[in-house]
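Please look over the sequence and the model below.

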Amino acid sequence: MLKVPFNAQITPDELPSDIRVLLSNEVGNIGMLAAVLIREKKMGQKSRWVPYISRLPQPAEMHSSIFWGEDELSMIRCSAVHQETVKQKAQIEKDFSFVAQAFKQHCPIVTERPDLEDFMYAYALVGSRAWENSKRISLIPFADFMNHDGLSASIVLRDEDNQLSEVTADRNYSPGDEVFIKYGEFSNATLMLDFGFTFPYNIHDEVQIQMDVPNDDPLRNMKLGLLQTHHTRTVKDINIFHSSCDTFTIKEVKSAIGKGKGIPQSLRAFARVLCCIIPQELNDLSKEAAQNDGRLARLPFKDGNRELEAHKILLSHINRLIEDHSVCIKEMEECYFVSQRFAVRRQMARDLLYGELRVLRSAAEWLNHYCTTLLSETM
């Protein structure tokens, strides 16, 4: 359906070598390619990429959450996307400081330094359109004008032998049909932050949650030490325990009476560690891990009451998140939008929060069933 030679793609190699070397140790791939876009745009008609650049979306058309104002971001304050947006904006500002200095020192063709708004716009364009692999990152003209369909089987493939990127159609198209490709299996959280759009119902929705060891826990230091020791990553859902607070990703649990697929074993393990109230319990968990594969608290407690307590902790945390999401949704629905832009972003917030709420409720339903079963077994 489409073939684009490597030499027709935009990569960080377009930067002058002195700028590229200066930025390579300080700025990531997206920031480097954003610097290319800024430089080429400032060159105007002298840039060989002007036909492509002139057809890129304008800032007013961009809806990634990094462009949202405080009032708009408050709609998603209960979601991890809010925190991730703040972190990404801070990273963009950091990259911009290096890029601006590099342009000032080594880019005489550019008479004025780029401003932060220009760089954020270029950064968002690259983040939403560039294709990255183990060797390079590149903007692929034509391929990046195709919209995303999570059910499409068409993806951008890299052919090293023929030095090109290509897309093969997954079905027959009629004249006038829009051609779709799949960017990846992304949740609305990722689509909102990196691409600036969402779906009303996204089968890939997930929720990032954080749990921590309370400061007033008498065994806090012992628990932190144990979690730090057992940080092996032997299966895909293992999170590295790195501090008093850990982040876990949960997906929709399809059946309340099934195995709870979607709730990471690492999260349930963390809850088991949290519920320990005497040092001996933690020592027993450490011995059990050493006798098996080194993973901490992956087996249910032999004492059903302790297993019940651990999952009640987890259920309580999930229920608080459900309540937080419900409050945000209620406030959002009562808000009267004043512009078309706000209407678009409120719909995106609605898609995000309802999707995360669906995931959280499925997890709570499974945990409720698990706790009810444990309770009946211990009576």
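Six residue pairs are in polar contact between domain 1 and domain 2, with both residues of each pair at pLDDT 80 or more. On the side of domain 1 that touches domain 2, the elements giving two or more residues are helix H5 (80-106) and helix H7 (188-195). Of these, H5 supplies the largest share, four residues. By residue class, this side of domain 1 has 10 nonpolar, five polar and three charged residues.

The model is a predicted one. The domain assignment of the protein chain places domain 1 at 2-195 and domain 2 at 206-378. The contact draws on 18 residues of domain 1 and 20 residues of domain 2. Between the C-alpha centres of domain 1 and domain 2 the distance is 34 Å.

The size of an interface is often given as the accessible area lost when the parts come together. For domain 1 and domain 2 the buried area is about 1,700 Å², and carbon and sulfur atoms give 64% of that area. On the domain 1 side, the residues that lose the most area to domain 2 are His 63, Met 75 and Cys 78; together they make up 35% of what that side buries.

A salt bridge joins the side chains of Arg 77 and Glu 331, with an N to O distance of 2.7 Å.

Phe 142 has a phi near 80 degrees, which is positive although the residue is not glycine. Phe 142 sits in the loop that runs between strand E3 (137-138) and strand E4 (147-148). Is Phe 142 buried or exposed? Its relative accessible area is 59%, so Phe 142 counts as exposed, the cut-off for that class being over 50%.

The other position is Gln 163, also a residue other than glycine, with a positive phi of about 55 degrees. Gln 163 lies in the loop between strand E5 (156-159) and strand E6 (164-167). The relative accessibility of Gln 163 is 43%, so this residue is classed as partly exposed, since that class covers values between the under 20% limit for buried and the over 50% limit for exposed.

Terms used: Residues numbered from 1 in each chain as written. Predicted model: local features only at pLDDT ≥ 70, side-chain atom pairs only at ≥ 80, totals over all residues. Heavy atoms only, no water. Domains from an automatic or database assignment. Contact = heavy atoms within 4.5 Å. Buried area = accessible area lost by both parts, 1.4 Å probe. Salt bridge = Lys/Arg side-chain N within 4 Å of Asp/Glu carboxyl O. Polar contact = N/O pair within 3.5 Å; in protein donor to acceptor, adjacent residues only side chain to side chain. Nonpolar A, V, L, I, M, F, W, Y, C, P; charged D, E, K, R; others polar. Buried < 20%, exposed > 50% of the residue type's maximum accessible area, 1.4 Å probe, protein only.
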